[in-house]
Amino acid sequence: MSDAAPDWIAADWGTTHLRVWAMRGREVLDRRSSEQGMGKLTPPEFGPVLEDAVAGWGAAPVVTCGMVGSRQGWAEAPYAPVPCAAQPRLVRVPDHAARPVYIACGLRQDSPPDVMRGEETQIAGFLLRNPGFEGTICLPGTHTKWVALRAGRIERFRSCMTGEIYDLLAHRSVLRHTIGEGCHDMAAFDAAVAEALADPAAAYGALFALRAGALLGAQSPETAACRLSGLLIGWELSATRDLWQGQPVALIGSPVLSPLYTRALAGCGIQAASHDAEDVTLAGLYAARQTIGADT
């Protein structure tokens with residue numbers, strides 16, 4: 001790290017991990033991570049965990065996003081209703097004497113009901129990097145978000161539990177005896193996406209066929225993993241067609257999931273551009289930082 005102290009600290013505090021960055025403006029001076037996620041902590045533990053994570057970085061204010069602002073987190077950052085501007089909203093953590101700590105508010109959609117927490121910061125960062133974008137942002141993950149943007153505003157969004165369903169089926173169902181790790185048989189993936197898009201109801205019956213194919217045929221665990229990914233992502237694309245069809249699409253996600261979504265969308269004629277999740281998270285936290293008054 002540079003000898004100069006940071007003027008602020010960015011933090012992404014999720015359920016399983018805490019990541020912090022020492023920042024000078026938009027420049028990253030240093031970074032750290034730990035497994036002290038929100039899900040492992042009680043409210044009195046958040047302050048000491050944060051101070052341990054940023055030790056040696058002075059008393060710079062912290063701007064954080066993620067599940068730390070949930071009802072079970074450090075301090076609840078209430079959901080802001082959509083449609084709304086993509087500019088992050090912040091609440092200050094009370095009674096933390098070491099430094100000011102701010103948490104980004106999540107977003108709520110009342111009809112149909114939906115929520116997001118953390119992704120709103122990435123959306124703000126994406127728009128800071130790509131001003132004027134109008135279309136759809138897809139944020140692949142455990143609960144993938146599809147977000148419609150117009151004139152710098154979040155109009156509506158939809159969450160899909162694709163990542164969680166994959167994990168449940170691959171590791172906790174009868175398919176755990178069948179599914180390998182990773183997705184490398186792209187022909188199998190492409191075929192499964194096409195099947196799910198063409199006939200989502202019939203594709204439902206294809207899930208157990210993955211197990212039967214391993215028992216009765218020569219289907220490999222690697223091929224089964226790719227077919228499972230393709231079926232679930234194909235279902236997701238079918239369920240969100242009204243959000244992405246005919247629209248510019250930007251992807252923000254992990255280097256593992258984003259290429260699969262890029263490939264699946266390309267099969268539908270959509271050329272989606274991928275953007276680095278850390279880069280847009282930091283940009284969004286920087287945008288949030290700019291809203292804080294001089295009390296920091």
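**View 1. The chain is divided into domain 1 (8-130) and domain 2 (160-276).** The model shown is predicted. The C-alpha centres of domain 1 and domain 2 lie 31 Å apart.

**View 2. The largest nonpolar core has 25 residues.** Nonpolar side chains tend to be buried together in soluble globular proteins. Within this core, Trp13, Val20 and Trp74 touch the most other members. At least two core residues come from each of strand E1 (8-13), strand E2 (18-24), helix H1 (43-53) and strand E8 (101-104). H1 supplies the largest share, four residues.

**View 3. Helix H4 (residues 186-198) packs with helix H6 (residues 221-239).** Two packed helices are described by the angle between their axes and the distance between the axes. Here the angle is about 35 degrees, and the axes are 7 Å apart. H4 passes H6 in a right-handed crossing.

**View 4. Residues of H4 and H6 make the contact.** H4 contributes Ala188, Phe189, Ala192, Val193, Glu195, Ala196 and Leu197. From H6 come residues including Thr223, Cys226, Arg227, Leu231, Ile233, Trp235 and Leu237. By class, the contact has 11 nonpolar, five polar and two charged residues.

Note on methods. Residues numbered from 1 in each chain as written. Predicted model: local features only at pLDDT ≥ 70, side-chain atom pairs only at ≥ 80, totals over all residues. Heavy atoms only, no water. Axes fitted to C-alpha atoms, helices over the stretch in contact; angles between N-to-C directions. Left-handed = near helix turned anticlockwise from the far one by under 90°. Contact = heavy atoms within 4.5 Å. Nonpolar A, V, L, I, M, F, W, Y, C, P; charged D, E, K, R; others polar. Domains from an automatic or database assignment. Core = buried A, V, L, I, M, F, W, Y, C linked by side-chain atoms within 4.5 Å. Buried < 20%, exposed > 50% of the residue type's maximum accessible area, 1.4 Å probe, protein only.
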